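Reader: I am new to this structure and would like to learn how to read it. Could you take me through some of its features, giving the general idea before the case?

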Amino acid sequence: ARGAGTAQDLAGRHVVVSAGGTREYLDPVRFLGNRSSGLQGYALARAAAARGAEVTLVAANTSLPDPAGVKVVRVETTGQLRDVVVPAAASADAVVMAAAPADFRPLAVSDAKIKKASDGSAPAIELQQNPDILHEISTSRPRAGTVVVGFAAETGDETGSVLDLARAKLARKGCDLLVVNDVSGGAVFGSPDNEAVILGADGTATDVPRGSKSALAHAIWDQVARRLQD
Ligand code: CTP
Ligand code: CA
């Protein structure tokens, strides 16, 4: 457990953490969403603050209390998340994308509530891709030395194992660290626990055994701290 003796190894650092799941509106009252609770992102924000960092937490649709000593910015859509995280990343020592941004949004958002047709027909929802925030931050690198961290929840498939797919995603995204959850066994959403492998672009793989989201958060900051330049 970490408590009074927590190392202040992030003192003087500014870190940006995203959390929660985005909503993509169809009309003023309806949206496409996902089940991300934000718990892991909030645990990351709390752990970084405990280690002395100045923390900006960008929270998408979470219903969790603001962590003490953390600047919280609330957003709803992937577009809004991008518009907050990308500028914040420009002056950050580390960016951790723990949020689940929706990959797609409706092509059109209706200004008025969509009404049900009397003939029993249903509208088709056409989607377009959202910006990839992690990819944008990782490839633009406005500031040398920023450590960029992504998350991936994977199940293996016929093209590869969980770790094969995760290694490919790490390379595709261009981030420095990828925190990989194997979700083949079932849902992790809203669970107090997590287990993961933290892959480094430098080839490292760190197993984090099943434990609290706080323990995983500290294991992630351990990896970030050792990569930060002096
Ligand atoms: N991510 C992001 N912007 C998006 C989608 C995802 O920044 N529009 C980030 C997530 O926050 C996460 C990482 O990218 O840190 C991986 O998300 P994931 O959904 O696994 O990646 P995708 O490229 O969307 O791949 P997939 O087709 O497997 O969903
Ligand atoms: Ca995705």
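Author: Gladly, and please keep in mind throughout that this is a predicted model. Let us begin with a helix and what covers it, namely helix H4 (residues 162–173) and its buried residues, which are covered by elements including helix H3 (133–140), strand E9 (147–154), strand E10 (177–182) and strand E11 (193–200).

Reader: Which residues in H4 are buried, and which are exposed on the other side?

Author: The general idea is that an α-helix has 3.6 residues a turn, so residues three or four places apart point the same way. In H4 the buried residues are Ala166, Leu170 and Lys173. Seen down the axis of H4, these buried residues fall within an arc of 80 degrees, so they line one face of the helix. Ala168, Ala171 and Arg172, by contrast, are exposed on the other side of H4.

Reader: How many residues does H4 have, and what is its reach from the first C-alpha to the last?

Author: Helix H4 has 12 residues and reaches 16 Å from its first C-alpha to its last, which is close to the 16 Å expected at 1.5 Å a residue. After H4 comes Gly174, and its phi is positive, near 80 degrees.

Reader: Which residues touch the most other members of the largest nonpolar core?

Author: In soluble globular proteins, nonpolar side chains tend to be buried together. Here the largest nonpolar core has 55 residues, and those that touch the most other members are Val17, Leu44, Ala48, Val95, Val149 and Ile220. Helix H1 (residues 39–50) supplies the largest share of this core, eight residues. To take one case, if residues up to four places away in sequence are not counted, Ala48 touches Leu10, Val15, Val17, Ala53, Val55 and Trp221.

Reader: Which residues are around ligand 1?

Author: A shell can be read first by its members, then by the elements they come from, and then by class. Around ligand 1 are Thr78, Met97, Ala99, Pro101, Asp103, Asn130, Asp132, Ile133, Leu134, Gly150, Phe151 and Ala152. The elements giving two or more residues to this shell are H3 and E9, and E9 gives the most, with three residues. By class, the shell has seven nonpolar, three polar and two charged residues.

Reader: Where is the place of Gly79, and how far apart in space are Gly79 and Ile133?

Author: Gly79 lies in helix H2 (residues 78–89), and Gly79 is partly exposed, with 16 other C-beta atoms within 10 Å. Although Gly79 and Ile133 are 54 residues apart in sequence, they are 9.0 Å apart in space, C-alpha to C-alpha.

Notes:
Residues are numbered from 1 along each chain as its sequence is written. Chains are lettered from A and ligands numbered from 1 in the order in which they are written. This is a predicted model: local features need pLDDT of at least 70, side-chain atom pairs count only at pLDDT 80 or more; totals for chains, interfaces and linings use all residues. Helices (H or I, at least four residues) and strands (E, at least two) are DSSP runs, numbered from the N terminus. The expected span of a helix is 1.5 Å times one less than its number of residues. A residue is buried if 20 or more other C-beta atoms lie within 10 Å of its own, exposed if 12 or fewer, and partly exposed in between; C-beta atoms are placed from the backbone. The arc is that of the directions from the helix axis to the C-beta atoms. Two residues are in contact if their C-beta atoms, placed from the backbone, lie within 7 Å. A nonpolar core is a set of buried Ala, Val, Leu, Ile, Met, Phe, Trp, Tyr and Cys residues joined through C-beta atoms within 7 Å. A residue is near a molecule or strand if its C-beta atom, placed from the backbone, lies within 6 Å of it. Ala, Val, Leu, Ile, Met, Phe, Trp, Tyr, Cys and Pro count as nonpolar, Asp, Glu, Lys and Arg as charged, and the others, Gly among them, as polar.
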